[in-house]
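Please read these points with the model open beside you. Find each residue as it comes up.

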Amino acid sequence: PENDELFAALKPSLSLAGEGGQVHIIAHGTTGAGKTHSSQAAAHLAVDVLFSSGRGQLAVSFYEVAGNRCYDLLSSVRQEVSILEDGVGKICLKDLSQVLTGTPAEASKAVARGFQERKSAATEANSRSSRTHGICELRLHSDAQEGTLGCVRIVDLAGSERSQDTLQHSAERMQETKDVNSSLACLRDCIKCCAAAAAAKPKAKAKAKAKLQPPPFRRSKLTLLLRSCFEGEPGTCCIWLAHVAPMSANLGATRATLKCASELLEACQQTHSAGAVAPVSWSRSRVGAWLRGHDGGRFEHLVEALAWADGHALGKDWPRDGAARAAIAGVSEDEILAVCEAFRIFCKSRADGKPEVSKDVDDKAKLGE
């Protein structure tokens, strides 16, 4: 019963992952405010929602970020995994294990194991304080279809600590506190940069471009892993759960948490009021993200074949060399034509302010930006 309000708020967004989208849930706040409790509840709810979509098995991964190191929590032994970036800027975790599950009970067991393996210790502020940032990833998986069908990522951030809470810390606890506070400070800087960029008026953006600082995602492994949450790709949703503690001793931390949430909210409002970028102006990477998320991943297998196409290319009539491009990519011209037609319908629905409707499935909600 205590989680009913949280479930009601999260469930509509989680259904996006069941249709092939990407959902990020980030729990932020002071230590002892209930972030881990909310994260566990959100993870188990996500398991139920994803299995109810009936789209396949569920692959569970769980890892923690400690400073600039990342550790796999579901492997037979706690081992470090490498954080790598490919040629198009996609972040990958080398050798990260996955537990493939076929029932909600199996997935929930893997999730519970991950939370249990999180590094924690008693501190002055909390008897069981998380000493790392925990990240749980739930990915729909099907042997009949390549790639990810949908993903939910739950991020349980460690809480920042005040200097007076670290007076009795050992050298190890002090280093953990330093790593946590440093990564959270970098995360706040990224949010401030995103808010500043969103607040700039569209006409003034070109002049202010030199003055605006890009978000320092690379300054911390945590923000590098969370970069996709802030990029606003089509078919993605980011939910920020701000946690506050009722004690007067936590007043400073409460103010900081609410300020951070306020800056995020302001950035979202400014982005929506300024209007989203027209699909015909999308870059190739953004078109690729649309192909992966559109209509439940209907065109995901064509991402590589259409790697050359940006929004302008898909939005116009099929190019003269279209048949040759299709032949080189090993796909049929009819498939490429279907993509172009779907993209034009999507562009028109966006321009008219109407929801996108599929020709094949009348009542199914479609993924957009």
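The points below go from the whole chain to single residues.

1. **Ground rules.** This is a predicted model, in which local features need pLDDT of at least 70 and side-chain atom pairs count only at pLDDT 80 or more, while totals for chains, interfaces and linings use all residues. Residues are numbered from 1 along each chain as its sequence is written, and side-chain values use heavy atoms, with hydrogens and water left out.

2. **The whole protein.** The protein has 11 helices and 11 strands. Both are DSSP runs numbered from the N terminus: helices are H or I with at least four residues, strands are E with at least two. Of its 369 residues, 46% count as buried. Buried means under 20% relative accessible area, exposed means over 50%, and partly exposed lies in between (1.4 Å probe, protein chains only). The protein exposes about 19000 Å², and carbon and sulfur atoms supply 52% of that area. The areas come from the Shrake-Rupley method with a 1.4 Å probe; for residues, only the protein chains shown count as cover.

3. **Contacts along the chain.** Take the contacts with a separation of 6 or more. Residues 24 or more positions apart account for 70% of them. A contact means heavy atoms within 4.5 Å.

4. **The cores.** The largest nonpolar core has 33 residues. Such a core is a set of buried Ala, Val, Leu, Ile, Met, Phe, Trp, Tyr and Cys residues joined through side-chain atoms within 4.5 Å. L14, I25, L138 and V152 have the most contacts inside it. At least two core residues come from each of α1, β1 (22-29), α2, β2, α3, β9, β10 and β11 (236-243). Helix α2 gives the most, with 9 residues. Apart from this core lies another, of 28 residues, among them L96, L187, L226 and L264. In soluble globular proteins, nonpolar side chains tend to be buried together.

5. **L14 and V152.** L14 lies in helix α1 (residues 4-18). Its relative accessibility is 0%, so L14 counts as buried. Leaving out residues up to four places away in sequence, L14 touches V23, I25, L45, A46, V49 and V152.

6. **A43.** Beyond four places in sequence, A43 touches V111, F115, L138 and I154. A43 and C136 are 93 residues apart in sequence, yet 7.7 Å apart from C-alpha to C-alpha.

7. **Helix α3.** This helix covers residues 104-117, 14 residues in all. It reaches 20 Å from its first C-alpha to its last, close to the expected 20 Å. The expected span is 1.5 Å times one less than the number of residues. Its buried residues are A107, S108, A110, V111, G114 and F115. The face turned away carries the exposed residues A105, K109 and Q116. What covers the buried residues includes α2 (35-52), β2 (57-66), β6 (99-101), β9 and β10 (151-156).

8. **E137.** Strand β9 (residues 133-141) holds E137. E137 is buried, at 6% relative accessible area. Which side chains does the E137 side chain meet in a polar contact? One is Y63, at 2.7 Å. Another is R139, at 3.2 Å. A polar contact is a pair of N or O atoms within 3.5 Å; within protein, one must be able to donate a hydrogen and the other to accept it, and residues adjacent in sequence count only if both atoms are side-chain atoms.

9. **Helix α6.** In helix α6 (residues 221-230), 8 of the 10 residues are buried, so the helix is largely enclosed by the rest of the structure. Among the buried ones are R227 and F230. S220 caps the N-terminal end: a side-chain oxygen lies 3.1 Å from the backbone nitrogen of L222.

10. **D95.** Check the backbone here. D95 has a positive phi of about 65°, although it is not a glycine. D95 sits in the loop between β5 (91-94) and β6. D95 is exposed, with a relative accessible area of 57%.
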